[in-house]
Amino acid sequence: MSIDIVVVLAYFVFLIAIGWMFRTFTSSTSDYFRGGGKMLWWMVGATAFMTQFSAWTFTGAAGKAFSDGFAIVILFLANAFGYFMNYIYFAPKFRQLRVVTAIEAIKKRFGRTSEQFFTWLGMPDSLISAGVWLNGLAIFVAAVFNIPMETTIIFTGVVLVIMAVTGGSWAVVASDFMQMLVIMAVTITCAIAAYFHGGGLTNIIGNFHGDFVMGSNLNYVSIFLLWIVFIFVKQFGVMNNSINAYRYLCAKDSDNARKAAGLACILMIVGPLIWFLPPWYVNAFMPDFAEAYSSVGGADAAYLAFVQNVMPAGMVGLLMSAMFAATMSSMDSGLNRNAGIFIRNFYSPIVRKEAASEKELIVASKAATIFMGIVIISIGLFINSLRHLSLFDIVLNIGALIGFPMLIPVLLGMWIRNTPDWAGWGTLVVGGVVSYVFGIALTADDIQNWFGLDQALTGREWADLKVGLSLAAHVVFTGGFFVASTMFFKGRSPEREAEVTELFRDWNTPVHANTEEQHNLDTKQRSMLGNLISVAGFGIISMAMIPNDISGRALFVLCGTIVLVAGILLVQAARKPNKNIPAEATTE
């Protein structure tokens, strides 16, 4: 058995341990789906960050970095912009909604019909995205261990479902924080290796094959600029609506939600410069590597090629361990969140008529999580049959054509109050039509004929333009429809007006949770995670014993030390008494 497989198996033990240790934290559906709204900012910030991070970052995104240089960083800077707006305003507001699932807020804002529309139309987006992420992980696993991708997708999906079912959101969020540390530690060591092997950043850029700033296959700079503008628009919408900002519902109070957003913003600014240095190195000094990796995606295997050819023995296993955990955080949007929406917004109010006990709902929640896992695995297998498509393009088009229309009524609905309830579901219908026209019916030939372009659009240009045009159309037509619905507002029933009033009152009322009970739970979070992370740090440091040259051994010591220091700091923080605990607090 290779050392890489041993490392991965050891990491599986940690995943199982996290799920088992946090199982006692779950006694209700609120605990299972959002940690009861009692989590500390550094846990919530890590999980918010990891929501936008998966194995795809090291496959599809790394392939884009290999081909087009700095261009991919723009997408992650757009994520950072979205998190910054979370920090400035939105994150505390989302926590103050005081709901278990985001769809419960939609029910208060737009009524029962829109609740069901969002419940059933929102699932395909997150399920497909989770399937894409699972497929991206399978590319790595299959290449490293020479296992068929179909087998990898099934096995990986089953392992991740077991972890999610065992510990619920507590296990998922705790693993997000641990995996964030491991991934940052691993990628920092890889970036350092790339920097020194490549003779510095300037030398790597100087030897880059193609245009490092804007990339290759680009005839019209204006299309690239349009793509940048609408990627920022898209990520602002993605990050600043209650559906996709559900992670902040886990925070223990408004202040912790804001700090969590700040942490995610900082990580998203620093991260890309670390993550994509290895693919840039591969482009500069291993430009023909793709032929040897054609069976696992060609350019999408750029990061894997770097680790296998440059890093010391054992580092591939450590990277793979991080990839398994990263995919867990991404799949959570298709597992726990969808299961929560199904149970809280359909099963309980529609099927059981609010008559189910918490014990019954917990059992139903776990069954729903297993079912969602089966669906995601099936989608991952289907995507694997579409190998001619770039993972990068798949992810962006899913977000533009399926996800973005859902965000418009949720975002605008918290600013424009006097709209009829049908504005919620009606906007989704209009958005579906717009997605079809601009995402499916419209072709590159149409654009070339309409504008009389002298040069044909390249594949990259059409992919970028398609995303930009779809987003622009949604802003103008889908958003315009929602705004126009105000002209048909005739007031609400007393019951509905009470719900809307309660929603906006909660939106503007801070949550405080500094009680003795919460302090004890804070201490438990720090202690349990601190001890687990410290063990992981020592384990990584011990990998310096693997036969490598002195520089290879030093990289393992550096990587393990980063993780170990974080664990020790958490253990020390758990031992500090809280000297100022108020008598009361406003939670939920």
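A few ground rules come first. Residues are numbered from 1 along each chain as its sequence is written, and side-chain values use heavy atoms, with hydrogens and water left out. As the model is a predicted one, local features need pLDDT of at least 70 and side-chain atom pairs count only at pLDDT 80 or more, while totals for chains, interfaces and linings use all residues.

Charged side chains make a handy starting point. Side chains of opposite charge can pair when their charged atoms come close. The whole structure turns out to hold 13 salt bridges (a side-chain nitrogen of Lys or Arg within 4 Å of a carboxyl oxygen of Asp or Glu). In one of them, Glu 499 and Lys 107 meet with 2.5 Å from N to O. That bridge links distant parts of the chain, with Glu 499 in helix H21 (residues 494-507) and Lys 107 in helix H6 (residues 102-110), 392 residues apart. Helices here are DSSP runs (H or I, at least four residues; strands are E runs of at least two), numbered from the N terminus. Both Glu 499 and Lys 107 are buried, where buried means under 20% relative accessible area, exposed means over 50%, and partly exposed is in between (1.4 Å probe, protein chains only).

Another bridge pairs Lys 108 with Asp 506, with 3.9 Å between the closest N and O atoms. Lys 108 sits in helix H6 and Asp 506 in helix H21, so this pair ties together parts that are 398 residues apart in sequence. Lys 108 is buried at 15% relative accessibility, and Asp 506 is buried at 11%.

Then there is the bridge between Glu 497 and Arg 417, whose closest N and O atoms are 3.8 Å apart. Here the partners are 80 residues apart, Glu 497 in helix H21 and Arg 417 in the loop between H17 and H18. Glu 497 counts as partly exposed at 29% relative accessibility, and Arg 417 counts as partly exposed at 30%. Some bridges also share partners: Lys 107, Asp 421, Arg 496 and Glu 499 are joined into one network that way.

Leaving aside neighbours within four places in sequence, Arg 417 is in contact (heavy atoms within 4.5 Å) with Arg 109, Arg 492, Glu 497, Val 500, Thr 501 and Phe 504. Phe 489 is 72 residues away from Arg 417 along the chain, yet their C-alpha atoms are separated by 9.9 Å.

Next come the aromatic rings, which form 33 pairs in the structure. Rings of Phe, Tyr and Trp (its six-membered ring) pair if their centres lie within 6.5 Å; planes under 30 degrees apart count as stacked, over 60 as edge-to-face and the rest as tilted. The rings of Phe 90 and Phe 236 have centres 6.1 Å apart and planes at 75°, so they are edge-to-face. Phe 90 belongs to helix H5 (residues 71-95) and Phe 236 to helix H10 (residues 221-239), 146 residues apart. Phe 90 is buried at 4% relative accessible area, whereas Phe 236 is partly exposed at 24%. Tyr 195 and Phe 196 make an edge-to-face pair too, with ring centres 5.3 Å apart and planes at 85°. Of these two, Tyr 195 is partly exposed at 39% relative accessibility and Phe 196 is exposed at 62%. Ring pairs also build a cluster out of Phe 81, Tyr 89, Phe 90, Phe 94, Phe 232, Phe 236, Trp 415 and Trp 507.

Finally, another loop residue. Phe 289 lies in the loop between helix H12 (277-285) and helix H13 (302-310), and it counts as buried at 7% relative accessibility. Not counting residues up to four places away in sequence, Phe 289 touches Phe 66, Val 282, Gly 298, Ala 299, Ala 301, Ala 302 and Ala 305. One of those, Ala 301, is 12 residues from Phe 289 in sequence and 9.0 Å away in space, C-alpha to C-alpha.
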